[in-house]
Amino acid sequence: MTTETKPAYSPGLAGVIAGETEICWVDPNAGLMYRGYDIHEMAEKASFEEIAYLLLNAELPTMEQLEKFKQQIGRERPLPKEVLEMLRLLPKNTHPMDMLRTGVSMLAPFDPELNDNSHDANIRKAIRLIAKVSTLITDGYRIQHGEDPLPERPDLTLAANLFYKLTGEVPPTWKIRMMDTIFILYADHEFNASTFAGRVTAATLADMYAAVTSACGTLKGPLHGGANEESMKMLDEVGTPDRAEKWMMEALAEKKKIMGFGHRVYKEGDSRVPIMREIARDLGKRVGKEEWVPICENLEATMDREKHLCANVDLYAAPVFTMLNFDPALNTPIFAASRVAGWCAHVVEQQDHNRLIRPRSLYTGPAARPYKPAGSGNGA
Ligand code: COA
């Protein structure tokens, strides 16, 4: 008989500090910092490449370092031909997140430094992953739709190149800025579920590709990254601003989980929402789809009044991606194209100061009982 006393327990690890990080701070009072820099200022002024460099290297780059970083990413974008072949072999109805997860996993043996978890090798692998995750998404999507992948445009930023390689359109300057801002908003969020999954994998001293494969699998779920795809289904269903309140009241009465609302850490607002909301408003004016923001705002007002739950970034990301003409199935992969920078930075940090992550569980099964072999009347 065990003598273990019942320990403190927090379902879903809510409120549990599971590790230290210097990379990112999520302030429950609607704040977010990357290595000490406020997201609001960075979203307006920085490029995604600067943020990715900052997350990985702890400091912002000089002009020279930034240029070199961009060139490294540009060089690493193409996929091995075997990986492209694999993308062609997948069933045509494969979800882009499953393509991405499979692609990241398959890239592993092509990396000559796969099993070198030293700091410098991990940074080099991170650059390869940041570059190739975007290519897996764009090339996978085009292949799935019977089209050939487009050639890289090394002159474009990573976010703009993703846009170009999906749509065939070189985005105008304002759209490039918008894509960069969206990528910056999604780049990291401390111990969110996918990053934590990646850190757990990295903490066993498995390689960075294994960690990013875990993270991709975890991001897919609708309670996490998958919410930005699910939110669009909801907004399509609501349809017009005047229907939002009624729709929300009915959904709450049916005890439905409303995608794009609620957050484990933010209880007074998601730091990224005001920026994403303004992007949606701006885009709405530019493309003549001004109804999405009032639909979201009316849903927000009703949810706040009824349950005091705040919207999260995925509520507004959904119409933004739709207005940018992306297939909703790409919403979560585009999130991943940015978050891979955060995932890799966390793998580097985890393996630089590693300790196995292995919590306990609280046993709630049957008490000790004697074994009864099959056939001795143990069944129902
Ligand atoms: N719709 C309806 N009710 C919700 C809700 C939502 N989106 N989010 C939370 N709630 C409810 C919970 O069911 C719970 O109700 P109860 O007390 O009656 O059981 C209450 O609000 C408190 O929930 P909380 O403990 O704060 O949620 P959590 O931390 O366990 O879960 C999420 C956080 C993000 C998983 C959850 O809010 C959710 O599922 N949101 C929708 C998915 C989504 O948008 N994910 C993206 C997150 S960035």
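Helix H7 meets helix H8 through Leu158, Ala159, Ala160, Leu162 and Phe163 on the H7 side, and through Lys175, Ile176, Met179, Asp180 and Phe183 on the H8 side. By type, the residues of this contact divide into eight nonpolar, two charged and no polar. Please keep in mind that this is a predicted model.

**How H7 and H8 cross**
- H7 spans residues 158-167 and H8 spans residues 173-186, and their axes come within 8 Å.
- The two axes cross at roughly 110°, which means that H7 is roughly perpendicular to H8.
- The crossing of these two helices is right-handed.

**How H7 is covered**
- Nine of the ten residues of H7 are buried, so to speak mostly covered.
- The buried residues are Leu158, Ala159, Ala160, Asn161, Leu162, Phe163, Tyr164, Lys165 and Leu166.
- The cover over these buried residues includes H8 together with helix H2 (48-57), helix H3 (63-76), helix H6 (119-144) and helix H16 (331-352).

**The nonpolar core**
- In soluble globular proteins, nonpolar side chains tend to be buried together.
- Here, the largest nonpolar core has 110 residues.
- Tyr34, Leu235, Met276 and Leu299 are the residues with the most contacts inside that core.
- Which residues is Tyr34 in contact with, leaving aside its neighbours within four places in sequence? They are Ile23, Cys24, Ile39, Ile51, Leu54, Leu55, Ile184, Leu185, Tyr186, Ala187 and Asp188.

Terms used. Residues are numbered from 1 along each chain as its sequence is written. This is a predicted model: local features need pLDDT of at least 70, side-chain atom pairs count only at pLDDT 80 or more; totals for chains, interfaces and linings use all residues. Side-chain values use heavy atoms; hydrogens and water are left out. A nonpolar core is a set of buried Ala, Val, Leu, Ile, Met, Phe, Trp, Tyr and Cys residues joined through side-chain atoms within 4.5 Å. Buried means under 20% relative accessible area, exposed over 50%, partly exposed in between (1.4 Å probe, protein chains only). Contact means heavy atoms within 4.5 Å. Axes are lines fitted to C-alpha atoms, for helices over the stretch in contact, and angles run from 0 to 180 degrees between N-to-C directions. Helices (H or I, at least four residues) and strands (E, at least two) are DSSP runs, numbered from the N terminus. Angles under 35 degrees count as roughly parallel, over 145 as roughly antiparallel, 65 to 115 as roughly perpendicular and the rest as oblique. A crossing is left-handed if the near helix is turned anticlockwise from the far one by less than a right angle, and right-handed if clockwise. Ala, Val, Leu, Ile, Met, Phe, Trp, Tyr, Cys and Pro count as nonpolar, Asp, Glu, Lys and Arg as charged, and the others, Gly among them, as polar.
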